[in-house]
Amino acid sequence: MAKSREAQVISAVQEKGGAGKTTLIESLAALMVGDGAKVAVIDTDDRKNLYRWADKKQIDLDYLDVTEDERLIPTVKVLKPKGYDVIFVDTAGFKSAISIYAINASNLVLIPTKADENDALGARRSYDHVQSVAMSMDKQIAAFVVMMDVDNAANITEIVRGGLQSKNIPMLGSMALHRTGIKEMKSTGRGPEGSAKATMREILAELQMRELKNFYRETGEWAKSA
């Protein structure tokens with residue numbers, strides 16, 4: 001089956017810093033490259049954590065930083081027909097013009113949260129913000145909360161999940177479990193490995209099953225095993 005000529009755009013958005021936006025993008029981007037996808041990542045955060053990870057050149061993807069608000073939409077429009085399967089956009093706090101532009105440019109928004117009350121509140125506000133931007137643009141943008149750095153045995157995990165679900169906020173069933181290998185990506189420039197790869201692969205697989213990853217649907221291929 002022929003691939004679409006325009007890339008799917010996936011942004012990571014969260015009001016609260018440190019919730020795992022960059023880690024989520026790094027992991028999914030690396031896994032998709034490993035599966036044969038052509039990937040680009042855009043870092044809109046002044047801290048440039050995503051850009052520095054990609055600049056280690058351990059993953060075969062294209063990367064750039066765009067921190068000027070008015071440059072993001074034109075940059076995405078230039079990249080979309082260039083043969084990429086997916087363009088990932090990392091954002092800073094959502095209360096900025098560039099985050100609004102990122103949401104508007106996206107086919108899918110992922111909202112990471114840790115099992116923490118402040119993260120969960122940020123996820124709820126971020127989801128509401130995505131819906132507000134979508135309504136203002138008269139379009140539909142799929143958005144899902146993704147739990148990151150989770151201790152599956154901790155009571156707070158289910159408390160946070162239950163609280164968000166009670167507000168009818170869409171969540172992935174798969175969670176990124178706490179794994180040392182995920183943190184090591186920052187220094188190595190590589191993707192997740194070992195058990196870290198397995199837990200991030202579950203998130204990617206769920207996105208495929210929900211038909212939110214155009215690359216796998218259009219190629220007819222399932223993600224490679226961990």
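Reply: Asp-149 is partly exposed, because its relative accessibility of 30% falls between buried (under 20% relative accessible area) and exposed (over 50%), using a 1.4 Å probe and protein chains only. You will find Asp-149 in the loop between S6 and helix H6 (155-166); helices (H or I, at least four residues) and strands (E, at least two) are DSSP runs, numbered from the N terminus. What makes Asp-149 worth a look is its backbone: phi is near 55°, a positive value in a residue other than glycine.

Before we move on, please keep in mind that this is a predicted model, in which local features need pLDDT of at least 70, side-chain atom pairs count only at pLDDT 80 or more, and totals for chains, interfaces and linings use all residues. Residues are numbered from 1 along each chain as its sequence is written, and side-chain values use heavy atoms, with hydrogens and water left out.

Lys-48 belongs to the loop between S2 and H2, and its relative accessibility of 31% puts it in the partly exposed class. Its side chain has a partner: Lys-48 forms a salt bridge with Asp-65, with 3.1 Å between the closest N and O atoms. A salt bridge here is a side-chain nitrogen of Lys or Arg within 4 Å of a carboxyl oxygen of Asp or Glu. This pair links distant parts of the chain, since Lys-48 sits in the S2-H2 loop and Asp-65 in strand S3, 17 residues apart. Asp-65 is partly exposed, at 22% relative accessible area.

Asp-65 also leads us into the sheet, where it stands opposite Asp-43. Strands S2 (residues 39-43) and S3 (residues 62-65) run parallel and are joined by four bridges; two strands pair if DSSP finds at least two bridges between them. From S2 the chain passes through helix H2 (residues 49-54) to S3, a right-handed β-α-β crossover. Right-handed means that, with the strands pointing away from the viewer, the path from the first strand over the helix to the second runs clockwise.

Where does S1 stand in terms of burial? Five of its five residues are buried, so S1 is largely enclosed by the rest of the structure. Gln-8, Ile-10 and Ala-12 are buried on one side of S1, and Val-9 and Ser-11 are buried on the other, leaving both faces covered. In a regular strand the side chains alternate between the two faces of the sheet. S1 runs parallel to S4 (residues 86-90), with five bridges between them, and Val-9 has Ile-87 as its bridge partner there. S1 also runs parallel to S5 (residues 108-113), this time with three bridges, and in S5 Ile-10 is partnered by Leu-108.

Back to charged pairs: the structure holds ten salt bridges. One of them joins the side chains of Glu-15 and Arg-125, at 3.4 Å from N to O. Glu-15 is in the loop between strand S1 (8-12) and helix H1 (21-34), while Arg-125 is in helix H5, so the pair ties together parts that are 110 residues apart in sequence. Glu-15 is partly exposed at 24% relative accessible area, and Arg-125 is partly exposed at 42%. Another salt bridge brings Arg-210 and Glu-206 together at 3.0 Å, N to O; Arg-210 is partly exposed at 35%, whereas Glu-206 is buried at 9%.

The surface has a nonpolar patch too, formed by Ile-100, Tyr-101 and Met-137, with about 230 Å² of accessible area together. Patch residues have over 30% relative accessible area and no salt bridge; like charges are joined within 9 Å, and nonpolar side chains (Val, Leu, Ile, Met, Phe, Trp, Tyr) within 5 Å. Areas come from the Shrake-Rupley method with a 1.4 Å probe, and for residues only the protein chains shown count as cover. Met-137 lies in the loop between helix H5 (117-136) and strand S6 (142-147) and is partly exposed at 39% relative accessibility.

Finally, the whole chain. It has nine helices and six strands. Its radius of gyration is 16 Å, close to the 17 Å that the globule rule gives for 226 residues, so the chain is as compact as a globular protein of that length. That radius is taken over C-alpha atoms, and the rule is 2.2 Å times the number of residues to the power 0.38. The C-alpha trace spans about 45 × 40 × 35 Å along its principal axes, and 52% of the 226 residues count as buried.
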